[in-house]
Amino acid sequence: MTELIAVALITVLAVISPGPDFAMVTRYSYLYGRRTGLTCAAGIALAVQVHVFYTMFGVSLLAHYARPVLQGIKLAGACYLIYMGWKTFFNRTPVDRDLSARPVISAWRALYDGFLTNALNPKTTLFVVSTYTQLVSPGTPLTRQFGYGLFMSFAHWAWFSVVAWSVSSPVLRRALLDHQRTADRVVGAVLMALGGALAVAQV
């Protein structure tokens, strides 16, 4: 149960932190509308499984044959969480508010762009690797590992669907942007604390 709670907490905090996925969903939602934003979110969720599959099997080999290397990856993953929290806490990137152009875009293009954005996103790569290396052991059932991956995809889909739904509404979009700095500080502080605790545990 503790392991499940840790996966859920780290996943939720990592998903809601600003990054390329957030920027893509935001852009597609205000330019093309709610349906396109939701389709882009689905593409992002599907791409998470790419990271999960190569991480699962690679980490399992490390756990069996190269434990010192695995320990190093765990420490690197903890440092990444600290770095991600630091960047989120001090994030000052402005969000584009231009609503003048709304060209038509196909659902396939929105799905493809969302998938590609996440599949090539180093933030997701490092997040999935760091999470699995903190939790996966030779005795962790394969079904549970798949379950973690499915939860990660679901969390991405749920959060970015909320983002798309909100950003496509002018009123809710303004409310989100007005409170973005507060959300950045809260999420960043918690991620840095989690990363720091994991780093201390490895040392």
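How many helices and how many strands does the secondary structure of the protein come to? Colour the model by secondary structure and you will find nine helices and zero strands. Helices here are DSSP runs of H or I with at least four residues, strands are runs of E with at least two, and both are numbered from the N terminus. Along the sequence the pattern reads α-α-α-α-α-α-α-α-α.

Before you go on, note that this is a predicted model, in which local features need pLDDT of at least 70 and side-chain atom pairs count only at pLDDT 80 or more, while totals for chains, interfaces and linings use all residues. Residues are numbered from 1 along each chain as its sequence is written, and side-chain values use heavy atoms, with hydrogens and water left out.

**The whole chain**

Show everything first. Of the 203 residues in the protein, 43% are buried; buried means under 20% relative accessible area, exposed over 50%, and partly exposed in between, with a 1.4 Å probe and protein chains only. Contact means heavy atoms within 4.5 Å. Among contacts with a separation of 6 or more, 89% join residues 24 or more positions apart.

**Stop one: helix 2 and helix 5**

Select residues 20-32 for helix 2 and 107-119 for helix 5. Their axes are 9 Å apart and the packing angle is about 160 degrees. Axes are lines fitted to C-alpha atoms, for helices over the stretch in contact, and angles run from 0 to 180 degrees between N-to-C directions. The two helices are therefore roughly antiparallel, a label for angles over 145 degrees; under 35 counts as roughly parallel, 65 to 115 as roughly perpendicular and the rest as oblique. Now show side chains: Pro-20, Asp-21, Met-24 and Tyr-28 of helix 2 make the contact with Arg-109, Ala-110, Asp-113, Thr-117 and Asn-118 of helix 5. By class, that contact has four nonpolar, two polar and three charged residues. Here Ala, Val, Leu, Ile, Met, Phe, Trp, Tyr, Cys and Pro count as nonpolar, Asp, Glu, Lys and Arg as charged, and the others, Gly among them, as polar.

**Stop two: helix 2 and helix 7**

From helix 2, Asp-21, Phe-22, Val-25, Thr-26, Ser-29 and Tyr-30 meet His-156, Trp-159, Phe-160, Val-163, Ala-164 and Val-167 of helix 7. The classes in this contact are eight nonpolar, three polar and one charged.

**Stop three: Met-152**

Stay in helix 7 and pick Met-152. Is this residue buried or exposed? Met-152 is buried, at a relative accessible area of 0%. Leaving out residues up to four places away in sequence, Met-152 touches Thr-11, Val-48, Val-52, Phe-127, Val-128, Thr-131 and Tyr-132.

**Stop four: Ile-105**

Next, go to the loop between helix 4 (67-89) and helix 5, where you will find Ile-105. Its relative accessibility is 18%, so Ile-105 counts as buried. Beyond its neighbours within four places in sequence, Ile-105 is in contact with Tyr-28, Tyr-32, Thr-36 and Ala-110. Ile-105 and Tyr-32 are 73 residues apart in sequence, yet their C-alpha atoms are 7.1 Å apart.

**Last stop: Gly-85**

Finish in helix 4 with Gly-85. Gly-85 has 0% relative accessibility and so counts as buried. Not counting residues up to four places away in sequence, Gly-85 touches Gly-188, Leu-191 and Met-192. Draw a C-alpha to C-alpha distance from Gly-85 to Met-192: it spans 4.8 Å, for residues 107 apart in sequence.
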